[in-house]
Amino acid sequence: MSESSVLQVNGLKTSFFMDKTEVPAVDHVDFDLKQGEIIAIVGESGCGKSVTSLSIMGLVPHPPGKVVGGEVFFNDEDLLKVSESKMRDIRGNEIAMIFQEPMTSLNPLFTIGNQITEAILIHRKWSKKQAKAKAIEYLKLVGLPRAEALMNEYPHQLSGGMRQRVMIAMAMVCEPKVLIADEPTTALDVTIQSQILALMKRLNQKLNTSIILITHDLGVVSEICERVIVMYAGKIVEEADVKTIFEHPEHPYTKGLIQSVPDIRNKKERLYSIPGNVPIPGSIKKGCRFADRCEFVMDRCREKTPELISIEGDHKVRCFLHQESEEQN
Amino acid sequence: MAELAPNKAPETAIRGARFLLWLEAWKSFKKNKLAVVGLIIVLIFVFLAVFAPVITPEGINEQKLAERLQPPSSEHWLGTDDFGRDILSRIIHGARISLWVGFVSVIGSIVVGCFLGILAGYYGRWVDTLISRFFDIMLAFPSMLLAIAIVAVLGPSLRNALIAIAIINVPNFGRLIRSKVLSIKQEEYITAAKAIGMRDRRILFHHILPNSMAPIIVQGTLAIATAIIEAAALGFLGLGAEPPTPEWGKMLADSKDYLVQAPWTMFFPGIAIMLTVLGFNLMGDGLRDALDPRMKN
């Protein structure tokens, strides 16, 4: 584990077991997260982004899901091996998570104040009064007006954007080292999206929290992230800093993703889309999982699975197009 | 409301806000006229039951053989039975028994049913299989037959009839809460609760249970009605209250020999059963609409 990383994922493999057959949803994923860094995990629906985050949190629904291999190092401990009670101490306290649907992530029966103070009191032996003061402080920190009054309001009285701010306040209130944000802006409209992203960036700078942002929206990525991991069908296909990903994407899938983002300066008749869909997990037994949708597909792509290789510094890509050029050199 | 009381202690304010939630339900309940009629009927019977000794003209067992089998008159509003006892007084005292049996047996069923149902729904796998099959086995018997069998084992008495009724209603509540737990545990706020490091027990009792209460309240109200009928049926069969307890079903059974001579002896206890059951059913239907989350915004 390098000096500055807070979280290191090695060879993480999570499978779902359906009728005795093993369906890998996340397949040998490695990455590390540095102190204060914001990384993005990008990919289409069903490519294993959310399962990766749930695996780190130890919240994969079981059955049918199970983490079958790999290591998740946090504070020199493998989170996949620690006891459930130890894991409970880490969740929310050291690694927190926010979810896609702010409308349903809060318990409808309890007030905002009730839920945030509860989150504090799980991990801190504070008095109710202290917890309440802290909750109000964090509601203010996430930019919610009239924080004191909000403490006594119910989730249904708040808008989606406000609820997502509450979720962020709740996640940050114990000052975790790592925040996993699973599509935090997908359910929000665009103006609120950018406010929430700006808020996350601000919290990241202020509290030095590392953030893993899971998204399918490249616009979100370009706004706040430093490093991008592109996932496809459970595997990492490309990893690079945000500038490189947008300027020199190397994997055909990344290229496709970037081309599918509408660009106002360059009005085309029709927006590009990658043909086909993400393969059903487990349906591809051999070869590159993107082969069927790739415009540069070669025979060997269907035979062997390419390795994730480094092509320039931190820029890694999993594609034979680049392995070939290396071999030729 | 919160703006009006920013300086209140958080606990009182939270309780106040929860009170508001019930106020909403009450407002929508009030709009349903039939439900209000049901509520009024139930309240009347509750009132009669609570103040029975004060308001009844006679005691439950004041036998006046000279006045036996008298038709309704200004002296005995609902007539007298074969021992010359005032039927009105006995019905009012009977309300105590029926409501007591109804409430207590249903509360018993809810407590046991919720506990088993929550375990089955939340933990799943073999726990679920075990509990659900147990419910299936119980539901395979006609409920009345099962109640009779249980009373036969325990011995006939009002208390044992109550226990039997509570037992036969357990699977209904258990299944209801199990299905509710199954859907609620998929909710994102439960995952979110886990993600802040909450314990299973706290999630179960503080987050899942309160969220599954609405259908339980509705089902509970309706179940009180059935429990009253079942208690009356057991009483009618001689498996419930012992004489001279003025249990409505028992009163029906005792008066069946005089059906032709003195139909009021049978008619009025029957009306009393019908009215309470109707009251609880109307109220339950109203509650279902009032507590339905789809009716809220």
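Me: In this predicted model, in what order do the four strands of the open sheet of chain A stand, and which strands are at the edges?
Reply: The model is predicted, and in chain A four strands form an open sheet in the order 2-1-4-5, with antiparallel pairing. An edge strand has a single partner strand, so one side of it is left without a neighbour in the sheet. The strands for which this holds are strand 2 (21-34) and strand 5 (77-78) of chain A.

Me: Is H28(A) buried, exposed or partly exposed?
Reply: H28(A) lies in strand 2 of chain A, and H28(A) has a positive phi of about 50° although it is not a glycine. A residue is buried with 20 or more other C-beta atoms within 10 Å and exposed with 12 or fewer. H28(A) has 15 C-beta neighbours inside 10 Å, so H28(A) counts as partly exposed.

Me: Where is D76(A), and is D76(A) buried or exposed?
Reply: D76(A) has a positive phi of about 60° although it is not a glycine, and the place of D76(A) is in the loop between strand 4 and strand 5 of chain A. Because D76(A) has 7 C-beta neighbours inside 10 Å, the class to which D76(A) belongs is exposed.

Me: Which residues are in contact with A40(A), leaving aside its neighbours within four places in sequence?
Reply: A40(A) is found in strand 3 (residues 38-42) of chain A, and with 26 C-beta neighbours inside 10 Å A40(A) counts as buried. The C-alpha atom of A40(A) is separated by 9.8 Å from that of D241(A), although the two residues are 201 residues apart along the chain. Once neighbours within four places in sequence are left aside, the contacts of A40(A) are L213(A), T215(A), V221(A), C225(A), V228(A) and I229(A).

Me: How many residues of strand 8 of chain A are buried?
Reply: In a regular strand the side chains alternate between the two faces of the sheet. In strand 8 of chain A, S210(A), I212(A) and I214(A) point one way while I211(A), L213(A) and T215(A) point the other way, and all are buried. Strand 8 (residues 210-215) of chain A is therefore largely enclosed by the rest of the structure, the buried count being six of the six residues.

Me: Which residues of strand 8 of chain A stand opposite V42(A) and L179(A)?
Reply: Strand 3 and strand 8 of chain A run parallel and are joined by five bridges, while strand 7 (residues 178-182) of chain A also runs parallel to strand 8 and is joined to strand 8 by five bridges. The bridge partner of V42(A) is T215(A), and the residue opposite L179(A) is I211(A).

Me: Which element gives the largest share of the side of domain 1 of chain A that touches domain 2 of chain A?
Reply: The domain assignment divides chain A into domain 1 (5-94 + 176-275) and domain 2 (104-175), and their centres, taken over C-alpha atoms, are separated by 25 Å. The contact takes 13 residues from domain 1 and 14 residues from domain 2 of chain A. On the side of domain 1 that touches domain 2, the largest share is six residues, and the element that gives them is helix 7 (residues 190-207) of chain A.

Me: Which helix of chain A gives the most to the side that touches chain B?
Reply: The contact takes 30 residues from chain A and 21 residues from chain B. The elements of chain A that give two or more residues to this side are helix 2 (84-90), strand 6 (95-98), helix 3 (112-123) and helix 5 (147-150). With five residues, the element that gives the most is helix 3 of chain A.

Me: How far apart are the end C-alpha atoms of helix 10 of chain B?
Reply: Helix 10 (residues 213-236) of chain B has 24 residues, and at 1.5 Å a residue these should span 34 Å. The expected span agrees with the distance between the end C-alpha atoms, which is 34 Å.

Note on methods. Residues are numbered from 1 along each chain as its sequence is written. Chains are lettered from A and ligands numbered from 1 in the order in which they are written. This is a predicted model: local features need pLDDT of at least 70, side-chain atom pairs count only at pLDDT 80 or more; totals for chains, interfaces and linings use all residues. The expected span of a helix is 1.5 Å times one less than its number of residues. Two strands pair if DSSP finds at least two bridges between them. Two residues are in contact if their C-beta atoms, placed from the backbone, lie within 7 Å. Domain bounds come from an automatic or database domain assignment.
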